[in-house]
Amino acid sequence: KLANPENAPDIVAELAELAADMDVKLSRVSVRSMTRIACRNVGGSGCEQSIARRLVEMLDMNVDHICSEAATALTHVLRKHPSLKTIIAPPLARTLKFVQEPTGKASVIYLLGECGDIVREAPYSLEKLIDGYDDIPDPTIKAALLTSTMKLFFLRAPEVQKMLGRLLAKATDDVSSQDLHDRALLYYRLMQTDPKVVETVLKTNTAIPSNINFSEEEDDELRAALMEEFNTLSTIYGKTSVNFIGPEHQVAYVKMPEDHPLAPGAAATEVAPSPVAINPPQPAAPASAAPDSAAATPAAGVVDLLGFDDTQPKAQPSPTAPAPGPTQSTTLALQPSANMSGDEYQSHWSSIADSEAVVNTVPLSALPTSTDQVEHALAAFNVNTMASGELPTEFKFFFYAKDTDGDVYLIQSNLNKTPTDPLLILTIKKTGSINSKKTDQLVTVIQGALS
């Protein structure tokens with residue numbers, strides 16, 4: 001991808017040296033890289049011919065994996081540059097005798113079918129394979145042999161007619177590959193009815209225009225996905241995190257959309273809550289209540305609940321809530337009619353360090369059909385919704401709740417739209433002193449509400 005007319009000769013020369021390396025994987029990648037330069041027309045004038053000649057030389061290196069990769073590479077080069085047929089054709093007949101890898105042998109057979117008009121020995125080279133058809137173990141080779149022999153028949157019918165009949169007889173009786181059997185039967189029946197139809201199909205122009213790449217090389221979508229996870233292991237592995245991180249450990253990082261459901265200064269979404277207490281009240285001395293809204297008003301600007309936009313004014317930290325009294329309950333009991341504005345939510349969230357946040361996951365039995373379904377289920381347990389939204393790949397929620405001790409629970413969560421094993425990821429911040437027992441109870445409440 002870095003090659004251009006100025007540096008392509010040096011790159012191709014270096015890749016040709018690496019092709020003979022003892023490392024088989026490095027050798028194969030080097031040959032494929034040379035092929036891409038030739039197929040993408042980025043090397044300037046004469047680069048394709050130079051690479052084609054180097055690949056032809058590799059066919060005679062008597063190293064099986066190099067011969068195989070070179071043969072496969074030449075099939076791609078020929079489709080992109082049909083004019084290079086005269087360069088590719090001469091060594092094909094002798095290469096077929098010693099190449100062993102199934103992919104490489106199938107590629108040489110394909111090239112013989114394409115270059116049969118200028119390779120004099122092509123029909124006789126394929127006839128030896130047809131006579132030993134029963135000894136060919138790989139169906140890929142058999143399929144290439146069938147197609148190339150059909151092509152040669154329409155180029156040199158007198159030489160190929162009898163051997164084609166023997167091949168069709170064997171292939172139609174072959175049960176090792178359903179695709180091969182069906183293709184041979186199709187060719188046989190078409191030849192009986194209208195041979196011109198077969199000729200039209202086989203002579204279809206398979207050349208790829210110079211401005212179009214092979215579909216397997218179009219990786220724009222993958223590169224865009226990797227850029228979304230830049231500076232992570234995804235860029236090292238060349239795969240998105242969903243391919244190597246289990247669903248229970250995945251966290252989706254999504255920037256706030258422009259049409260975020262919570263406008264600046266907007267009030268909380270009103271959902272009629274049901275006055276149901278999580279646990280029956282325990283007989284205990286009344287605890288001192290913390291002020292509900294002790295936060296300072298944040299600076300003017302767009303309210304960024306996610307905190308991803310560093311250019312937006314940040315809310316000033318709110319005064320720390322008074323420490324709870326020694327008689328504070330360890331059992332969670334949520335207030336049935338808690339209210340909070342968007343500014344208060346943002347102020348509380350900014351005043352609590354991210355290191356104090358608790359992240360939990362809640363597996364769901366089924367994917368909700370809408371955000372309303374989740375909101376109403378949690379409202380029945382006094383967990384209120386500040387804002388929610390539906391993105392192309394996930395649901396996003398901002399919840400809050402207040403307990404009878406006056407502590408505020410702020411919850412940001414996302415739910416991936418995966419039909420199988422849906423997972424709700426919760427990030428919870430709590431005002432006042434840290435109480436992991438209450439936080440765990442809140443997670444249990446949410447899980448029970450959505451089960």
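How many residues does helix H17 (residues 436-450) have, and how far does the helix reach from its first C-alpha to its last?

Analyst: Some ground rules before the answer. This is a predicted model, so local features need pLDDT of at least 70 and side-chain atom pairs count only at pLDDT 80 or more, while totals for chains, interfaces and linings use all residues. Residues are numbered from 1 along each chain as its sequence is written, and side-chain values use heavy atoms, with hydrogens and water left out.

On to your helix. H17 has 15 residues and reaches 21 Å from its first C-alpha to its last, close to the 21 Å expected at 1.5 Å a residue. (That expected span is 1.5 Å times one less than the number of residues; helices here are DSSP runs of H or I with at least four residues, strands are E runs of at least two, and both are numbered from the N terminus.)

Which parts of H17 are tucked away? Lys438, Thr439, Leu442, Val443, Val445, Ile446, Ala449 and Leu450 are buried. Buried means under 20% relative accessible area, exposed means over 50%, and partly exposed is in between, with a 1.4 Å probe and protein chains only. Looking down the axis of H17, the buried residues fall within an arc of 155°, so they line one face of the helix. The arc is taken from the directions from the helix axis to the C-beta atoms. As a reminder, an α-helix has 3.6 residues a turn, so residues three or four places apart point the same way. The face of H17 turned away from the buried side carries the exposed residues Lys437 and Thr444. As for the cover over the buried residues of H17, it includes strand S1 (358-363), helix H16 (371-379), strand S4 (408-416) and strand S5 (423-430). Contact, here and below, means heavy atoms within 4.5 Å.

In H1, Ala8, Val12, Leu15 and Ala16 are buried. They cover an arc of only 105° around the axis, which puts them on the same side of H1. Asp10 and Glu17 are exposed on the other side of H1. The buried residues of H1 pack against helix H2 (24-40) and helix H3 (47-58).

Now the whole chain. There are 17 helices and five strands. Of the 451 residues, 42% count as buried. Among contacts between residues at least 6 apart in sequence, 67% join residues at least 24 apart. The accessible surface comes to about 23,900 Å², and 54% of it belongs to carbon and sulfur atoms; areas come from the Shrake-Rupley method with a 1.4 Å probe, and for residues only the protein chains shown count as cover.

Inside, the largest nonpolar core has 67 residues, and those with the most contacts within it are Leu126, Leu145 and Met150. A nonpolar core is a set of buried Ala, Val, Leu, Ile, Met, Phe, Trp, Tyr and Cys residues joined through side-chain atoms within 4.5 Å. Helix H9 (residues 139-155) gives the largest share of this core, nine residues. A second, separate core of 23 residues includes Leu378, Val383, Phe395 and Leu424. Leaving out residues up to four places away in sequence, Met150 touches Leu164, Tyr187, Met191, Val198 and Leu202.

Glu114 is in helix H7 (residues 102-114). With residues up to four places away in sequence not counted, Glu114 touches Leu78, Lys85 and Lys151.

Two asparagines are worth a look in the loops. Most residues other than glycine have a negative phi. Asn41, in the loop between H2 and H3, has a positive phi near 55° and is partly exposed at 28% relative accessibility. Asn62 sits in the loop between H3 and helix H4 (64-80), with a positive phi of about 60°, and counts as exposed at 65% relative accessibility.

Lastly, the cysteines. The structure holds zero disulfides, a disulfide being a pair of cysteine sulfur atoms within 2.5 Å. Cys47 is buried, with a relative accessible area of 9%, and Cys115 is buried too, at 0%.
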